[in-house]
Amino acid sequence: MIAALLTVTGLRKQFGEHAVLCGVDLVVPRSSIVCVLGRSGAGKSVLLKCLAGLLKPDAGEIRFEGKPGPDFRKQCGYLFQANALFDSLTAFENVALPLEQTTRQRVDEIKAAVMTALKNLGLEKFADYFPAQLSGGMQKRLALARVLVTRPSVVLFDEPTAGLDPLASNAVFSMIKEYREQFDFTALVVTHDVTQALATADRLALLENGRIQFQGTAAEFLASDYSVVRSFVNSK
Amino acid sequence: MPTGCVAKKITPYPNGTGRDRIEFQAMNCLATIIQSLRDAVSPVRPGYDPFGLVPRLREGNAPRPHATRHLPFVLPKANEDAVITHLLRTVGRRSLAVVAGLGDFAEFVVRAFTAVGHARQLRKGVARAIHQQGVRCLLVITVVSLFSGLVLGLQGYYVLARFGSAGLLGTFVSLTLTRELAPVLATLMIVGQAGSAIAAEIGIYRYSEQIDALTTMAIDPLGYLITPRLLAALLVFPILTTAFVLMGTFGGYLSGCWLLGLDSGVYWSNVHSAVRFADVRECLLKALVFGIITIAICCHSGFTAHRRIGVSGSRAVSISTTRAVVFSSIATLATDYVITSFLV
């Protein structure tokens, strides 16, 4: 029996006549990396946005540690596909923002926490740089630093390797794995990169036709004879 | 009357009362409106070709017997009643959309003000907004107010001189500025300089998912982005309007006394005796109301840039910015009329 940190049941979301999610059931075990695979337009990002509270689901339930309600949102960090960094703030100010706005920590405590977060991600020398002055990989790490500085239990990654070359893509997944071990968070990663997902994830889920069609380990995924899974396996 | 149109004539009551006559006129008016709608939407009008396009477009110069008119919109069918129903339904839908938009705007403003209770680091945000709306607009306000005063002085002097009242120039300039010109022109200048920047900045925040990022970090986007700007407007608009009045009055002094030789003592004495407390109160009240309305419109326009139908990205931000300035300007003048009509 898996100790579930996050349980999604019967999640539905429709835009006009177009039903994107038609009853998604998903279990995310504690301290694991779960990769949600799916074709483009399958509704992976919609699922993530429903979990993060950016979209309101039409139906369904999200339970965090067995309890329903909005508590989950306070425990959750979200890494956007395009990083969503504040371009008018420096790297330091970007990471300090959630602490300044949501906690009652003193200025020196915030400064220490931010510098630690930047140091952990190898960005301490770039604290005074603006996001536009950093490379794509560094921006990704800065966005992750901003997420991790509040110590979330769950981090939602929306297509973290979209538009990156294979080497950069490999680095991002290595980073997720490394920091998951270092900070002990649970990662829910939406991606269509099958190779990286198989190499990194503890569990995989396949979203197709608005439903999760498969959930299991990488070995189970590779052994599955379900046609859509096979097409994903063969595409790697 | 075009062919095919049947105007429904209503015969009046032979010995009707006054009320009957009004009913008769109202019914006739309605019949005329319906007839005009029918004329406007009638898809086929034989031989109607106002620009003489048909002979040029078709070979042989033989006009087609039907369908010579190019309508601005395509009708599903020629059933006139259905078309009128369609038009009325469209008008109704648009009206409801306007009401819904106003409700959304009101909720936005109320939520932004109630966020004062839980917004963190508000002072820092307000200081930044004061710099954006106030300090950066000071030069524009100074220049515009000085030239407004200079022009008022020139125009006022020659008009008043015709009646032998050139000495009242100080009264004319100071009251015109205090009651009307300063609040309106200062607001329009701030909207042009800072309001457009606010709409564009927040629109870009929306499209680069920075507002979504705030939501995922459990930060209220209204409290972080909008509340400081509205609070800053409460301070900045009255101060800049006051600066406008002072610089404008000085401009009037320059043109009236320095250029046209009016006695400066007479000018300042008239300014001093003309402006009463009620005028200053009206001026500051207008500045406050204009400030809240225009900055709220600019913030709302940027915040809802993603809701523009048919456009997205930089084009949506550009349209939002343009609309913010246009709607703010219209709202300023309309509100000015309302406030003036209550206070005069």
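This report covers a sheet and a helix pair in chain A, and one glutamine in chain B.

## Basis

This is a predicted model, in which local features need pLDDT of at least 70 and side-chain atom pairs count only at pLDDT 80 or more, while totals for chains, interfaces and linings use all residues. Residues are numbered from 1 along each chain as its sequence is written, chains are lettered from A and ligands numbered from 1 in the order in which they are written, and side-chain values use heavy atoms, with hydrogens and water left out.

## Sheet in chain A

Four strands of chain A form an open sheet in the order 2-1-4-5, with antiparallel pairing. Strand 2 (18–29) and strand 5 (67–68) of chain A are the edge strands, each pairing on one side only. Strands are DSSP runs of E, at least two residues, and helices runs of H or I, at least four residues, numbered from the N terminus; two strands pair if DSSP finds at least two bridges between them.

Two bridges join strand 4 (residues 59–64) of chain A to strand 5 of chain A in the antiparallel sense. Opposite Lys67(A) in strand 5 of chain A stands Phe64(A).

## Gln133(B)

Helix 4 (residues 122–162) of chain B contains Gln133(B).

Not counting residues up to four places away in sequence, Gln133(B) touches residues including Ile190(B), Arg229(B), Phe237(B) and Ile295(B); contact means heavy atoms within 4.5 Å.

## Helix pair in chain A

Helix 3 (residues 91–102) and helix 5 (residues 136–148) of chain A pack with their axes 8 Å apart, at an angle of about 30°. Helix 3 of chain A is therefore roughly parallel to helix 5 of chain A (angles under 35 degrees). Axes are lines fitted to C-alpha atoms over the stretch in contact, and angles run from 0 to 180 degrees between N-to-C directions.

Definitions and conventions:
Angles under 35 degrees count as roughly parallel, over 145 as roughly antiparallel, 65 to 115 as roughly perpendicular and the rest as oblique.
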